[in-house]
Structure formats: C-alpha cells, structure tokens
Amino acid sequence: MATRYSNSLSQKVTNAPLVTFRLLFGALMVVSILRFWINGWIYDLYIAPKLYFPFIEGLKPVPGDGMYVVFGAMLLAATMIMVGAYYRVATTAFFLLFTYVELLDKTNYLNHYYFVSLLSFLLIFIPAHKDFSWDVRFGRTKPTAEAPRIFIQVLRLQMAILYVFAGIAKINSDWLLRAQPMKMWLAANVYQPVIGELFRYKLTAYIFSWFGMVYDTTIPFWLSWKKSRVPAYVTVVIFHLMTWWLFPIGMFPFIMIAITTVFFSPESHQRVLQQFKNWTRWQAPLPKSNAAVSPAIKWLFIGYFAVQFLLPMRYLAYPGDLFWTEEGYRFSWRVMLMEKAGQASFYVKDKGQEKAFLVPNYEYLTQQQEKMMATQPDMIVQYAHMLEEIYKAKGLTDPVITAEVYVTLNGRPNRQFIDPKVDLTEVRNDWRHKTWISRYD
C-alpha cells in the first residue's frame, strides 16, 4: 500500500493547480501588504513602539524608516510571485521578509501570518512557475505541462493540518459545553441587520460552536471527495464570509476561500487557467515533463510535516490549563478559541530596599502591547527584563521586579495570574514549565 501511494505521488498531472495557486497567493499577498501600508500599520506596529517582544532575542525592526523598505521589498516579491518572475528568488525573499516581520513582535502574532510563512516556504520548492509566467515568457525556465502529484498533495496536506488541528482544539468544555467565548462574541453582534436578533439566544451560540468544531475537523475530507467537493466548497465560502462579517480578522477569510480551491481536480484548474490564457492571448508550447522529485525534496517534505504534526501537540508536555498558561499555544492552529483579558501592574525596587514603586506601563508600551502582554506569561517575563535594563540605566544597581497580574478567561471572574512575589528578573523564558503561573482550578 505504501509503495502504491508513493507511486501515485510521483505520477505526473497537469501543473495547472500549482499555477493557479501561485497566482492567487501572490495576488492576495499584494492586496494584504497594500492594505497594511494604507492603514498606517507599518508605522503603528514597527516604527512607533519604544519596545518590542521578539520571538528571537535581539531581533529588532530596521531603524528609522527602514521598515517601509522591508515592506516595499516584500510587496515587490509578492508581485513577482504572482507573475512568476525570478520565481525562486521571489519566493525565498518573500518567505524571509515576511517571517522576519512576523517574528519581530509577539503582540502582532496571528495564526494566518504563520500560515502565510509556511505556504511561502513550501512555494520555494514547488515548481509553480513552469507555465503562464514571466520566467517562461522570457526564457528563464523551460515550460512544462505536468508536475508530480506530490506538489499538489503537499499544499492540500498543509491546508488539512490547519483545519483539522483547529477543529480538534475546539473539543474542550468551554467551547462545546459552555459555548464560550461564542456567547460573548455573538452578544456583541445582536444589532447586526437581518440575523442579529438570533444572536440573543443561547442556542445560537451552541449551534455556532458545535458547527465550527465539526466543520474544521471534517471539511478537508469533504473537499477531497469528488461527490461532495462542490457543496463543501460552498460551505467554505459561506463559513468564511460569515466570520469576516462578524469578527475583525482581516484578510484571513479571503485567503482561505481562495487557496482552498487547491482541493479541486487538476482538470478543473486547467480549464480555469486556459480561460486566463485565452484572455491574455498566451501562447507557449507545453511539453510533458520527465522530471522526477528528488529524494532530498521528499525527505524535506517528510521532515517538514513531521514538525507540523508534532508542534501543535507539544502542549501535552505541560501541566495545567492550556488556555490559562498558553504553554504550547502558539503555532498550533488554535484559531479564535478564547476571550482573555488582563491587567498587569509591575513594581520595581533596588535589591535590599523595602519600598517598591509602580511602573507606568503607558510610558513604554503601546495600548495593544500592554493588552497582549498582560495575558501571556513569556511576554510578562520579556517586559520585566526590558524594565530591568531601563531601570539600571536610571541608576538602580540590582532591580527587583514583581508584578500583580489579574486575568479573566472566557467570561469567568478575574483571577491572580502569576505569583506576585517572584522576582521576574530571575526568570528565564525556555521550554520548561513556568511554575510561577498560578493554578487555574
């Protein structure tokens, strides 16, 4: 069976799904970057803040107006991906630039940013530029009509991992038995036209919660089955348009609607691509390809997906409630699962002194940074270490920094989040369990 499956992955099919995926991905990234630029978010998120919460210690934004250059280069790379110009250079550049921006500040982390990084990484190795591209038009690459099926399956598998793990994550008591945080989110939308009145009923929240879980865990399989593919895709469109209408989640619904088309048959993509070729009067001979997938690429994909399967499950290595501690929460496809808010007060004193004074957080953090930091333990530690350096520069010899943090999760009353007696300057962010987080019983 394994041999037959391996042979099917090596089977040649039309490369039209790869080409349409490239066109859609590139176009969506161009629109997303322009939207980011027009809304002033480059300045607000990467130039205006005084401090940042990087995923990698020492990583910083380019100084001055350099971040505009970074986004300009990213926009150029996205455009080149879309048109298939200098494809390998463009995909590599986009992956590096986008991932660099994503890693600059945990405040701005979103699952779909992570998803875009993964897709752009995969595109580096996927030959999506062998037809209907700048590289073909100007002789930079030889056109081919076919590609090994494995490249299409890689994209489908990545989509399936996102959906299924997002669905599994919804199998928890808050989501299914309390319909939280869906109750709170729908209650904020009762004045929506047409269906807003339905959001006043508790039953509506339960229907939304259960449907979301079933949808996420099963939709890749319905999309993979020819007989159910069309109604499944109609469900995808309705589901994501509904989430876009009700919740402020940016471009993510449109990204999912567009690239989920990778589940359609290669022949369907070929028909659509041919229409584009007719409209643009594209003419280029398309010989069949004899190229095979190298063992190195196969092993790269195997290693990549091994990580993709294991990373979302790392939370099992930690005790306590995942939503409370957030140990193993990021990079695990936990999409819109909780409503969490907190208030953090930091106190500083020199070692040996009795009296501590309150830190004015507003002097160092943006409103969004303060909001996100107050509920995420690793960001609390990072902030404490930043304060340590700030107050050393102000004359303190050995600052001791503690914090009183109170957090509410999914509508429950505020609870003390961390041990207020712990000197956070002595704490380090690593893979070990954070024992100074208060128990959530």
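Two strands pair if DSSP finds at least two bridges between them. The legends below refer to a predicted model.

**View 1. The open sheet has 4 strands in the order 4-3-5-6.** The pairing in this sheet is antiparallel. Strand 4 (357–358) and strand 6 (415–416) stand at the edges, and each has a single partner strand, so one side of each is left without a neighbour in the sheet. Helix 18 (residues 377–393) packs on the sheet, where this helix touches strand 3 (340–350), strand 4 and strand 5. The direction of helix 18 makes about 150° with that of strand 5.

**View 2. Strand 3 and strand 4 run antiparallel and are joined by 2 bridges.** The hairpin formed by strand 3 and strand 4 has 6 residues between the strands. In that hairpin G352 takes a positive phi, near 100°.

**View 3. Strand 5 pairs with strand 3 and with strand 6.** The pairing of strand 3 and strand 5 is antiparallel and extends over 11 bridges. Here K340 stands opposite L409 in strand 5. Strand 5 (residues 399–409) and strand 6 also pair in the antiparallel sense, over 2 bridges. In this second pairing V407 stands opposite R415 in strand 6.

**View 4. H385 of helix 18 is joined to R428 through a side-chain polar contact.** The polar contact between the side chains of H385 and R428 is 3.2 Å. Leaving aside residues up to four places away in sequence, H385 touches L424, T425, V427 and R428.

**View 5. The largest cavity has a volume of about 40 Å³.** A search of the whole structure finds 1 cavity of 30 Å³ or more. Rolling a probe the size of a water molecule over the atoms shows where empty space is left. The lining of the largest cavity consists of D44, L45, P49, D105, T107, N108, T366, Q368 and Q369. Helix 3 (41–46) and helix 17 (367–373) each supply at least two residues of this lining. By class, the lining residues divide into 2 nonpolar, 5 polar and 2 charged.

**View 6. A cis peptide bond joins Q180 and P181.** Omega of this bond is about 10°. P181 lies in the loop between helix 9 (173–177) and helix 10 (182–187).

**View 7. F132 has a positive phi, near 50°.** F132 is a residue other than glycine. Most residues other than glycine have a negative phi, and most peptide bonds are trans. The loop that holds F132 runs between helix 6 (111–125) and helix 7 (134–137).

Conventions. Residues numbered from 1 in each chain as written. Predicted model: local features only at pLDDT ≥ 70, side-chain atom pairs only at ≥ 80, totals over all residues. Heavy atoms only, no water. 1 Å grid on protein atoms, 1.4 Å probe; cavity = no way out; pocket = protein on both sides within 12 Å on 5 of 7 lines; lining within 4 Å. Points joined across faces, edges and corners; volume = space filled by probe spheres on them. Nonpolar A, V, L, I, M, F, W, Y, C, P; charged D, E, K, R; others polar. Contact = heavy atoms within 4.5 Å. Axes fitted to C-alpha atoms, helices over the stretch in contact; angles between N-to-C directions. Polar contact = N/O pair within 3.5 Å; in protein donor to acceptor, adjacent residues only side chain to side chain.
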